[in-house]
Each structure stands twice: as structure tokens, then as C-alpha cells.
Amino acid sequence: MGRRQDLVDTALRLFYEHGIHAIGINQVLQEAGVAKQTLYNHFESKDSLVEAAVEHRDNLFFQWLETRMNKQPAGREVLLEMFDAVHDWFNNRVPSLHRFYGCFFINTCGEYSDPEHPVHKRCAAHKTRVFELLKRHALEICTSETEAEELANALFLLKEGAIVKAHVEGDLDAALKAKAIASRMISPH
């Protein structure tokens, strides 16, 4: 693993645990064990490091979720697996995603509220990517594109709500509660 990846991994962990604006570049450098010049050889600014951290988390999270879902049979089971997967995440059973501190993308958008900011746009792209994954699987059990989009939207909103409930209220069973609702919604399909 190269110095650039060390920086990104360390930054992601620190930003996720403490917030982006709460962590200074010097703390990232110290924990990654790299010199300031190494940072600027790879990144032009803290924001470009933040973008790289967001992109890395996007890939980690998406690949993990897609792999988990694809272990299930197509249709109903694959869609409901999303909730079991996030339940494991909430309960710190997914080492690659670190300890659960809520959604890194929601948290980051709270710090980069301008929808035109590149960091905010990367967070929004992650959410779109997850929605498209759900829609792709919903198309397997729905009779139309519109119906699949509606189902994917409902499942996506349940997942997002569960994340907030788990993080803000400490309800570590929020994903299972969302799964029960999702199961009733998917039944007619």
C-alpha cells in the first residue's frame, strides 16, 4: 500500500470518527506517519484529500453492499438482504467499514452544505449509486420501470431513515424494523 493510500485511509478513519472540520491536516499526517510534502505531492488541498476519502468510502461501502446483496437469490431476498447488511454495519460486524458513526456521506454533507461543492457532489453520487443498485434489483420483481423506481425509492428511504435512527437515537435494531416494513411492501410483487 502506497503513501497516498495510507493518507486516504487515515483521513477517512479520522474524518468519519471525528468530523472533517474537527481534524487538522497535521493530525492526519502524524497518524499516517507521512511528511507534509508527501501530502502535497498527492493532494493540492485538504478538500482534495476529503474528496479522495469520500471516493474511497464510496467504493468500500458500495462493493461491500453489492457483494452482500448478490449472495442472495434475485428478487425479494436480495432486496431484503440490504437491511441485514446495514444491521451488521450498525452493530459493528463489518470491519472494513470501521466502527459505526452514522453515514459518512450524510455527516460530510452536513459539513459541506453547498450542493455545488465537489465534496457534496461526491456524497450525492454515492447515494444515487446505492439507489440505482436497489432499482436494478427491483426491476427483477416489478412489472414496470415506474413501479421499480417507486419500490427502490421506498427501500432507499427506509434504509436512510434506519441509518439516522441508529446513529441519532442509538436504535441498533432500526434496520430490522425497516426490513419488516420493507418485507410487507415487497410482498405484493
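Q: In this predicted model, what share of the 189 residues of the chain counts as buried, and what makes a residue buried?
A: The share is 46% of the 189 residues. A residue is placed in this class when its relative accessible area is under 20%.

Q: How do you know what secondary structure the chain contains?
A: The chain comes to nine helices and zero strands. Read from the N terminus, its elements run α-α-α-α-α-α-α-α-α.

Q: What part of the contacts with a separation of 6 or more comes from residues 24 or more positions apart?
A: Such residues account for 65% of these contacts in the chain.

Q: Why are α1 and α4 called roughly perpendicular?
A: The axes of α1 (residues 3–18) and α4 (residues 46–70) cross at roughly 85°. Angles of 65 to 115 degrees count as roughly perpendicular, and the two helices are therefore given that description. Their axes come within 9 Å.

Q: Which residues of α1 and α4 meet, and what makes them a contact?
A: The criterion is heavy atoms within 4.5 Å. On the α1 side the residues are Arg4, Gln5, Leu7, Val8, Asp9, Ala11, Leu12, Phe15 and Tyr16, and on the α4 side they are Lys46, Leu49, Val50, Ala52, Ala53, His56, Arg57 and Leu60. By class, the residues of this contact divide into 11 nonpolar, two polar and four charged.

Q: Why is the pair Glu81 and Arg68 called a salt bridge?
A: The closest N and O atoms of Glu81 and Arg68 are 2.8 Å apart. The limit for a salt bridge is 4 Å between a side-chain nitrogen of Lys or Arg and a carboxyl oxygen of Asp or Glu, so the pair qualifies. Glu81 belongs to helix α5 and Arg68 to helix α4, so the pair ties together parts that are 13 residues apart in sequence.

Q: How do you know whether Glu81 and Arg68 are buried or exposed?
A: Glu81 has a relative accessibility of 9%, and Arg68 has a relative accessible area of 18%. Buried means under 20%, so Glu81 and Arg68 both count as buried.

Q: What makes Arg93 and Asp88 a salt bridge, and how is each classed by accessibility?
A: Their side chains meet at 3.0 Å, N to O, and the criterion is within 4 Å. Arg93, at 46% relative accessibility, is partly exposed, whereas Asp88, at 17%, is buried.

Q: Why do Asp171 and Lys177 count as a salt bridge, and how is each classed by accessibility?
A: The N to O value for Asp171 and Lys177 is 2.7 Å, which meets the criterion of within 4 Å. Asp171 is buried, with a relative accessible area of 12%, whereas Lys177 is partly exposed at 46%.

Q: Which residues do salt bridges with shared partners join into one network, and how many salt bridges does the whole structure hold?
A: The network consists of Arg68, Glu81, Asp88 and Arg93. A search of the whole structure finds 17 salt bridges.

Q: Why are Asn92 and His98 called partly exposed?
A: The relative accessible area of Asn92 is 41%, and the relative accessibility of His98 is 29%. Buried means under 20% and exposed over 50%, with partly exposed in between, so both residues fall in the intermediate class.

Q: Why is Gly19 called buried, and where is it found?
A: Gly19 has a relative accessibility of 13%, and the limit for buried is under 20%, so the residue counts as buried. Gly19 is found in the loop between α1 and α2 (25–32).

Q: Which residues does Gly19 touch, not counting residues up to four places away in sequence?
A: Gly19 touches Leu14 and Glu111. Gly19 and Glu111 are 92 residues apart in sequence, and their C-alpha atoms are 8.1 Å apart in space.

Technical notes
Residues are numbered from 1 along each chain as its sequence is written. This is a predicted model: local features need pLDDT of at least 70, side-chain atom pairs count only at pLDDT 80 or more; totals for chains, interfaces and linings use all residues. Side-chain values use heavy atoms; hydrogens and water are left out. Axes are lines fitted to C-alpha atoms, for helices over the stretch in contact, and angles run from 0 to 180 degrees between N-to-C directions. Helices (H or I, at least four residues) and strands (E, at least two) are DSSP runs, numbered from the N terminus. Angles under 35 degrees count as roughly parallel, over 145 as roughly antiparallel, 65 to 115 as roughly perpendicular and the rest as oblique. Ala, Val, Leu, Ile, Met, Phe, Trp, Tyr, Cys and Pro count as nonpolar, Asp, Glu, Lys and Arg as charged, and the others, Gly among them, as polar. Buried means under 20% relative accessible area, exposed over 50%, partly exposed in between (1.4 Å probe, protein chains only).
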